[in-house]
Amino acid sequence: MTTSANSRQSEHPISPIFLERWSPRAFTGENIPEAELLTILDAARWAPSSYNFQPWRFLYARRGTPNFERYLAILNEFNRGWGHTASAILIIASKKTSQAPGAAQATPNLTHSLDTGAAWGYLALQASLSGWHAHGLGGFDRDLARSELNIPDDYTVEAAAVIGRLGDKSLLPEGLQGGETPSPRRPLAQVAFEGNFVGE
């Protein structure tokens, strides 16, 4: 038995929420109420993390507030070209060190990026469940984000993201309209191996 939703099909029975979540670029440009954004962020903080250190940090700016243009300027030119219609822009960072209870000093946290990725996944799912969409971005100026937003040196600037209500793809530049659809995934056999790693 499989699951179908949003023009996608799983190989095994999973919750449809995983198929319904996707990362559009066309947004309506409406404001997001602070309470709704905080609900999405609250879901992220319940992600699992090594020793419950919770290394993730989410910095955000909502459309219609003074910070929005500052955050928009951190995105690269391509992502600004469609991200300007988002309702919120986020910068995601993770703390590279952790200090265990009773320890004299902090030590490297080898799972800070993994844990922060889990929190991002929770955020993206909650956005979808709340009637919004989240789109993660690698195309942004990390150095500018660090300096502009006062991110300390012991944090990795991991990613940017935008959140918005799904808009019509005609709002996008013509070159992006054709790809404005939920994307497929590799077959499970290409990413999950019992025993040894299987090369491509």
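Q: Which residues of H2 meet H5?
A: This is a predicted model. In it, Thr39, Ile40, Leu41, Ala43 and Ala44 of H2 make the contact. On the H5 side they meet Ala119, Tyr122, Leu123, Gln126 and Ala127.

Q: How many of those residues are nonpolar, polar or charged?
A: Eight are nonpolar and two are polar. No charged residue takes part in the contact of H2 with H5.

Q: At what angle do the axes of H2 and H5 cross?
A: Roughly 140°. The two axes come within 7 Å. Angles over 145 degrees would count as roughly antiparallel. H2 and H5 are therefore oblique to each other.

Q: Is the crossing left-handed or right-handed?
A: Right-handed, as H2 passes H5.

Q: OK, over to the sheet. What is the strand order?
A: E3-E4-E8-E7. The sheet is open, has four strands and pairs them antiparallel.

Q: Which strands stand at the edges?
A: E3 (56–62) and E7 (133–137). Each has a single partner strand, so one side of each is left without a neighbour in the sheet.

Q: What does the twist average?
A: 25° from one strand to the next.

Q: How many bridges pair E3 and E4?
A: Seven, in the antiparallel sense. E4 covers residues 88–95. One example is Arg57, whose bridge partner in E4 is Ala93.

Q: Which strands do the helices lie across, H2 (residues 34–44) to begin with?
A: H2 lies across E3, E4 and E8 (155–164). Its direction is at about 165° to E3.

Q: And which strands does H5 lie across?
A: H5 (residues 112–129) lies across E3, E4, E7 and E8. H5 runs at about 155° to E4.

Q: Switching topic. How many salt bridges does a search of the whole structure find?
A: Five. One of them joins the side chains of Glu30 and Arg165, at 3.5 Å from N to O.

Q: Where do Glu30 and Arg165 sit?
A: Glu30 is in the loop between H1 (17–20) and H2. Arg165 is in the loop between E8 and H7 (174–177). They are 135 residues apart, so to speak of parts of the chain, the pair links distant ones.

Definitions and conventions:
Residues are numbered from 1 along each chain as its sequence is written. This is a predicted model: local features need pLDDT of at least 70, side-chain atom pairs count only at pLDDT 80 or more; totals for chains, interfaces and linings use all residues. Side-chain values use heavy atoms; hydrogens and water are left out. Two strands pair if DSSP finds at least two bridges between them. Helices (H or I, at least four residues) and strands (E, at least two) are DSSP runs, numbered from the N terminus. Axes are lines fitted to C-alpha atoms, for helices over the stretch in contact, and angles run from 0 to 180 degrees between N-to-C directions. Contact means heavy atoms within 4.5 Å. Angles under 35 degrees count as roughly parallel, over 145 as roughly antiparallel, 65 to 115 as roughly perpendicular and the rest as oblique. A crossing is left-handed if the near helix is turned anticlockwise from the far one by less than a right angle, and right-handed if clockwise. Ala, Val, Leu, Ile, Met, Phe, Trp, Tyr, Cys and Pro count as nonpolar, Asp, Glu, Lys and Arg as charged, and the others, Gly among them, as polar. A salt bridge is a side-chain nitrogen of Lys or Arg within 4 Å of a carboxyl oxygen of Asp or Glu.
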